[in-house]
Amino acid sequence: MIGRISTDQIRVDPSHLPYQWFILSSMETMEELLERAEQSHGHMCAGQVLGVRMAMLGCRAVGVADPRGADRKSLIAFVEIDRCAADAVNTVTGCRLGKRTLKYYDYGKLAATFLNVKTGEAVRVVALDSSREAADRAFPEIESKYERQLHAYKLLPEDELFKVETVRVTLPPQDRPGRPVSRVQCDECGEGINDHREVISEDRTLCRACAGEAYYTRL
Ligand SMILES: [Zn+2]
Ligand SMILES: [Zn+2]
């Protein structure tokens, strides 16, 4: 077990440190988290490595040292892609769709935002496209592109892999964990709708599907 990170450690330039340094931001080592990610996701891949490191960086940046333990009520993660890395963010942070602590925005970007709900601090971490070339440059001797990226993404400094932005995230009450803040019925289909997801159209209360936003067609 590794203790909490101190502010002095945060100021150290991570590029001068071995990757094991990143364990300081978490109760577990990166290797342990990668093992956990592989199990949960079903395979090891570059997305797991980037996702694990992205989440470790994000947690550290907003002062969340133990996201699945002592700090489990402090963090909300917003993922911008439904691919491999999203599972790794879930593995590291413990943020889950069913707990309303994992939010999915369909932007098609390998990026995620980490919000400390206790302090309001938030960072958005974006995987750089240039990380592929950085991997090629760092390990030209590794022939397979897949192996090269897997290896490099574990070892390259964070600033070669990610862009980090300080952001503000406004999370309205109806998007927060906890009991639903409202429940109404759709005037068209009769189905119940939680948390103000209804649409008011010509004095009728409609679910999004009946209001024309359905992703399905009834047969
Ligand atoms: Zn994968
Ligand atoms: Zn409806």
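Q: What does it take for two strands to pair?
A: DSSP has to find at least two bridges between them. In this predicted model, S4 and S5 are joined by five bridges and run antiparallel.

Q: Which residue in S5 is the bridge partner of valine 126?
A: Lysine 163.

Q: What order do the strands of the sheet come in?
A: The order is S2-S1-S3-S4-S5, five strands in an open sheet with mixed pairing. Strand S2 (102-104) and strand S5 (162-166) each have a single partner strand, so one side of each is left without a neighbour in the sheet.

Q: By how much are neighbouring strands turned against each other?
A: By 20° on average, with direction ignored.

Q: How do S3 and S4 run, parallel or antiparallel?
A: Antiparallel, with five bridges between them. Alanine 112 has valine 125 in S4 as its bridge partner.

Q: And how many bridges join S1 to S3?
A: Five bridges, between residues 75-79 and residues 111-116, and these two strands also run antiparallel. Leucine 75 stands opposite asparagine 116 of S3.

Q: Changing topic: which strands does helix H3 lie across?
A: Helix H3 (residues 46-61) lies across S1, S3, S4 and S5, at about 155° to S4. Helix H4 (residues 84-93) lies across S1, S2 and S3, at about 175° to S1.

Q: Why is H3 described as largely enclosed?
A: Because 16 of its 16 residues are buried. The cut-off for buried is 20 or more other C-beta atoms within 10 Å of the residue's own. S4 is largely enclosed too, since five of its six residues are buried.

Q: What about the span of H3, what should it be?
A: At 1.5 Å a residue, the 16 residues should span 22 Å, and the end C-alpha atoms of H3 are 22 Å apart, which agrees. Just after H3, glycine 63 takes a positive phi of about 75°.

Q: How many residues does the largest nonpolar core have?
A: It has 46 residues, and those with the most contacts inside it are Val52, Met54, Ala77, Val89 and Phe114. H3 gives the most to this core, ten residues. In soluble globular proteins, nonpolar side chains tend to be buried together.

Q: Which residues is methionine 54 in contact with, leaving aside its neighbours within four places in sequence?
A: Methionine 54 is in contact with Ala85, Val89, Ala112, Val125, Ala127 and Phe162.

Conventions: Residues numbered from 1 in each chain as written. Chains lettered and ligands numbered in written order. Predicted model: local features only at pLDDT ≥ 70, side-chain atom pairs only at ≥ 80, totals over all residues. Helix = DSSP H or I, 4+ residues; strand = E, 2+ residues; numbered from the N terminus. Axes fitted to C-alpha atoms, helices over the stretch in contact; angles between N-to-C directions. Contact = placed C-beta atoms within 7 Å. Expected span 1.5 Å × (residues − 1). Buried ≥ 20, exposed ≤ 12 C-beta atoms within 10 Å, placed from the backbone. Core = buried A, V, L, I, M, F, W, Y, C linked by C-beta atoms within 7 Å.
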